[in-house]
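The briefing below goes with the structure shown here and is arranged by topic. Please read it with the sequence and the model side by side.

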Amino acid sequence: MPNSRPRPRRGAGGGADAASRDRLVARSLQSAEHCLGDQDFGTAYAHYLLVLSLAPELKDDVKETFQYTLFKWAEELHALSRIQDLLGCYEQALELFPDDEVICNSMGEHLFRMGFRDEAAGYFHKAVKLNPDFNDAKENFYRVANWLVERWHFIMLNDTKRNKIYNAAIQKAVRGGSKTVLDIGTGTGILSMFAKKAGAHSVYACELSKTMYELACDVVAANKMENGIKLLHMKSLDIEIPKHIPERVSLVVTETVDAGVFGEGIVESLIHAWENLLLQPKTKGENGNFGKYGKVIPASAVIFGMAVECAEIRRHHRVGAKDIAGIRLPTNVKFRSPAYSSVDTEEIVEPYTTEKMSGIPGGYLPLTECFQIMKVDFNNLEELKSLATKKPYSLNVPAVKAGMLDAIMVWFVLQLDDEHSLSTGPSEETCWEQAVYPVQALEDYCIQPGDRVTMEASCHDCYLRIQGISILHLEHEMEVIRSSTNSTDLLSLGNEAELCSALANLQTSRPEALEQTCVLEPTEIALLNNIPYHEGFKTAMRKVLSSLAPEPLCQPMDTHCQYMEMNSESGQSNTAPSTSDPFYVLDVSEGFSLLPILAGTLGQVKPYSSVEKDQHCVALDLISEANHFPKETLEFWLRHIEDEAAVLQRPKSDKLWSIIILDVIEPSGLIQQEIMEKAAISRCLLQSGGKIFPQYVLMFGMLVQSQTLVEESAVQGTEHTLGLNIAPFINQFQVPIRVCLDLSSLPCVPLSQPVELLRLDLMTPYLNTSNREVKVRVCRSGRVTAVPFWFHLCLDDEVRLDTSGEASHWKQAAVVLDHPIQVQAGEELVLSVEHHKSNVSITVRQ
């Protein structure tokens, strides 16, 4: 703890007031030091605030001690859930030290822990701007930059075709007389600048994100249009005339459309614009100056869909295995992804995922022809109003190919005007992904030509919803026809009886009353489908427990279950008496995990799970019961501790853990934060011979040439943006690492063989090094643009889990070079790999 006490300086004014102030400052400094010694950080913080308000000239002298006090007091406030007080302390501190990168970074860390990712990213970015060499802030910023400036901004700005078509449509409208323009959700300001260049007299642009608003201000000024474009940091719904803009405009331009069209609120914002900000629309047959009427670009959208088979979507949204490493999943536990759960809950959840279907691993198979879901006219106020209130309507589409019904894929054609359009279809070269509605909760997903896929479509809560997806099999229809033909009663009832009979044969997605629905993230479902992962852990845990056990472990799971069943049938207790204490196994994996149950089947084991959600605990209990594993044997560790940060501790004062399972790699492909610190604590809590899983981790990488990674990471010059100078400003927010990649489908050319880059040893830390240089031989000439990397999790020297494997629930990541390197086959490059606080950086030199 810093403990130097500065001597108060006498003010320039002198006199009795100055002397009194100096005495008060000195007493406050002395009191602050006493409070720090007593660990009374709140009172110490208050004393330092008084000192700095009375004697601002002491800022430099007390800065380090003040920071220490602030951080300690903030930790206490966080533990007490006094969030407003915590934020207030940081705001006071930043008023005193507005350019202190350490305080900015710490403020960001607290905000991030509380879930305020956008705000956290802003503070991390400010800390990096204040001190570009501040590693902690840089690493924090890289991890959250996606929330500050989302990656699609780079991809969209590099989409020359999209930029040209929007520019052409805006030019046509402005030159046709639409001279006053409002750009809703301006982002970098590119559409506003298109309008200004086309000759618009007045251009207004609104942007809700503070970061994007400030970025747009810089971009507009750099392109010398600040006098012609008025930027507003606000939602369009809050714009008032004449408070914010002087008059109604003749043209609204916007691109607030996501993969599912409506997810960014375009319907709500355009209803408000037509009612409050736009001139009245031109009616049919009217002639005259377009400037007298209002219009919107885009003019309309046509939404299309297609039923598809796709193994990659299936493994992330449906648990396919009924037996996982010997653990039977009971039929009364139904796993669902959030896209499904949003149907029946009040919580507004995006009801679809997004995928670039042209590059999805393993591809996809169309099961139906393309079909139209709906069309919306953005220039028709009444239609926009009715869209949100319209009841769901049914769609019935015939299958043309046999396969497994895994998802409804959705895309749209954006009609900017009567001449210019953009398609986001999977066969187009476009910056947009497609919306994917996974199919869940059917009894049978097999479909044959002639079967029909039925669903309901609506626009509810500003989202396009595709619900109630089911299959009407051809044979069911034939049975209906035959029965209606042979029955005079049915004939008298006509189509109504046919409909009732057909509905009776429909598969339904309603869960049974006694079923437990367990909502898991797609990565958690993919983990349950990752059989090698569970088999690997079972093998490795058995080895450790065998080495610790005085007697051989019990038989494999099947025999164990039979033994339990026999005891249960004869009325005996399911637990065999034992004089020896159990082995303690702690699983601190992130999210839902079956590993504690798996450990509990391996003998005299007391497993602890760190799952948090009640529905996950209930599901694990039901799975335990279904496998004749005594429910009370499985403990939920977070119920035993008051502070979640203390999850790594002893189960009893006199017991140590035999196995501790840590989550080392995030699903995104990065190393988990603070994993080495967790490993250090874990090593202290292991019994003799106990192990941490994984015991060590190997990081692999290779050199590649990938234009896709380059264009997804930074805007490339001015050519893509039609001469507008945007790249230098948005590229401030580029990050060196791209996450959530699928190397199996990434468009790239490998320029080297994979090489080992790093070893992280969780059991024997002296083997770790923070810096390493690796020589890589180039096997093919080209331009090195990136270094993708992945990991082998070594549970022991024989059992490895590959995060790039076909069954992996992990994604991969890549370091993207600022400047590509031209290389020739046979040449050697040197990769400098640095490991710092669970973050890895890679630099490449020739």
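Predicted model: local features only at pLDDT ≥ 70, side-chain atom pairs only at ≥ 80, totals over all residues.

**Cysteines**

Cys459 counts as buried, with a relative accessibility of 5%.

- Cys217 is partly exposed, its relative accessible area being 26%.

**Parallel sheet**

- An open sheet is built from five strands in the order β3-β2-β1-β4-β5, and the pairing is parallel.
- The edges of this sheet are taken by β3 (229–232) and β5 (295–297), each of which has a single partner strand, so one side of each is left without a neighbour in the sheet.
- From one strand to the next, the twist averages 20 degrees.
- Within the sheet, strand β1 (residues 180–184) runs parallel to strand β2 (residues 202–206) and is joined to it by five bridges, with Asp183 standing opposite Ala205 in β2.
- Helix α10 (residues 190–198) lies across β1, β2, β3 and β4 (251–254), and its direction is at about 180 degrees to that of β2.

**Helix pair α2 and α3**

- Helix α2 (residues 41–54) and helix α3 (residues 59–79) have axes that come within 9 Å and cross at roughly 145 degrees, and the crossing is left-handed.
- On the α2 side the contact includes Phe41, Tyr45, Tyr48, Leu49 and Leu52, while the α3 residues that α2 meets include Val62, Phe66, Tyr68, Leu70 and Trp73.
- By residue class, the contact of α2 with α3 divides into 11 nonpolar, three polar and three charged residues.

**Antiparallel strands β32, β36 and β37**

- Strand β32 (residues 771–777) pairs with strand β36 (residues 828–836) in the antiparallel sense over seven bridges, and Arg777 has Glu828 in β36 as its bridge partner.
- Strand β36 is also joined by seven bridges to strand β37 (residues 839–845), and these two strands run antiparallel; here the bridge partner of Glu834 is Ser841 in β37.
- A hairpin is formed by β36 and β37 with two residues between them, and in its turn Lys837 has a positive phi of about 50 degrees.

Definitions and conventions:
Residues numbered from 1 in each chain as written. Heavy atoms only, no water. Pairing = 2+ DSSP bridges. Helix = DSSP H or I, 4+ residues; strand = E, 2+ residues; numbered from the N terminus. Axes fitted to C-alpha atoms, helices over the stretch in contact; angles between N-to-C directions. Left-handed = near helix turned anticlockwise from the far one by under 90°. Contact = heavy atoms within 4.5 Å. Nonpolar A, V, L, I, M, F, W, Y, C, P; charged D, E, K, R; others polar. Buried < 20%, exposed > 50% of the residue type's maximum accessible area, 1.4 Å probe, protein only.
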